[in-house]
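Today I am looking up the aromatic rings and their neighbours in this model. Here is what I am working from.

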Amino acid sequence: MVEVTVTPQSSLADRPVQIRVRGLSPSQLVTLRAWLKDEHGECFQSRAFFRADEAGEVDPGHHAALGGSYSGIWPMGLFWFLQPDTLFRRLVKRDVAGSPFCVRLEVFDGLCLGTDPKEQPLGSCEAERWYVGPGVQRVPIREGRVRGALFLPP
């Protein structure tokens, strides 16, 4: 059974996480895909191709991506290289305090270039990426022509 994990599962957006895939065959070629839908329903995704090690594991922090959205060793590459499905869209988080971005991580057998709904992942998990830590208070600022927000720690 193939298992995809992200540690920690819930974290602040600027904190690194560790992604790991276990249960693959030694030297198996796989596609690791990350995707999310933003607050407007736009889909953003990235993918990277990996060859499992002799233990049947893939760790983007130690194994080089062979291609896809990036190549080489990028521990956070699947998050950093998210691209919109619709051209000229930007990934923007308006409700920074109320909800996280939920990023879905999936692993597919072989090189998976499309998003065919018939293609079933070997394994998947979800990571929460928060923009505001617990207990942080957001105070809107409106003074003359100045608009902004002040974030106060607990």
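I started with tryptophan 80, which counts as exposed because its relative accessibility is 55%, and the cut-off for exposed is over 50%. A reminder to myself: the model is predicted.

Next I looked up tryptophan 74. This residue has 34% relative accessibility, so I noted it as partly exposed.

Then I turned to the ring pairs. My count came to 4 aromatic pairs. Which kind of pair do tyrosine 70 and phenylalanine 81 make? Their ring centres are 5.2 Å apart and their planes sit at 20°, so I wrote down "stacked". The cut-off I needed here is planes under 30 degrees apart.

I also checked where these two partners sit. Tyrosine 70 is in the loop between β6 (67-68) and α1 (77-80), while phenylalanine 81 is in the loop between α1 and β7 (83-84). They are 11 residues apart, and the pair links distant parts of the chain.

Is tyrosine 70 buried or exposed? I have it down as buried, because its relative accessibility is 5%.

Putting the entries together, ring pairs link Tyr70, Trp74, Trp80 and Phe81 into a cluster.

Last, I looked for charges over rings. Lysine 93 lies over the face of phenylalanine 101, 5.0 Å from the ring centre. Arginine 129 lies over the face of phenylalanine 79, at 4.9 Å from the centre of that ring.

Note on methods. Residues are numbered from 1 along each chain as its sequence is written. This is a predicted model: local features need pLDDT of at least 70, side-chain atom pairs count only at pLDDT 80 or more; totals for chains, interfaces and linings use all residues. Side-chain values use heavy atoms; hydrogens and water are left out. Rings of Phe, Tyr and Trp (its six-membered ring) pair if their centres lie within 6.5 Å; planes under 30 degrees apart count as stacked, over 60 as edge-to-face and the rest as tilted. Helices (H or I, at least four residues) and strands (E, at least two) are DSSP runs, numbered from the N terminus. Buried means under 20% relative accessible area, exposed over 50%, partly exposed in between (1.4 Å probe, protein chains only). A charge sits over a ring if NZ of Lys or CZ of Arg is within 6 Å of the ring centre and within 35 degrees of the ring normal.
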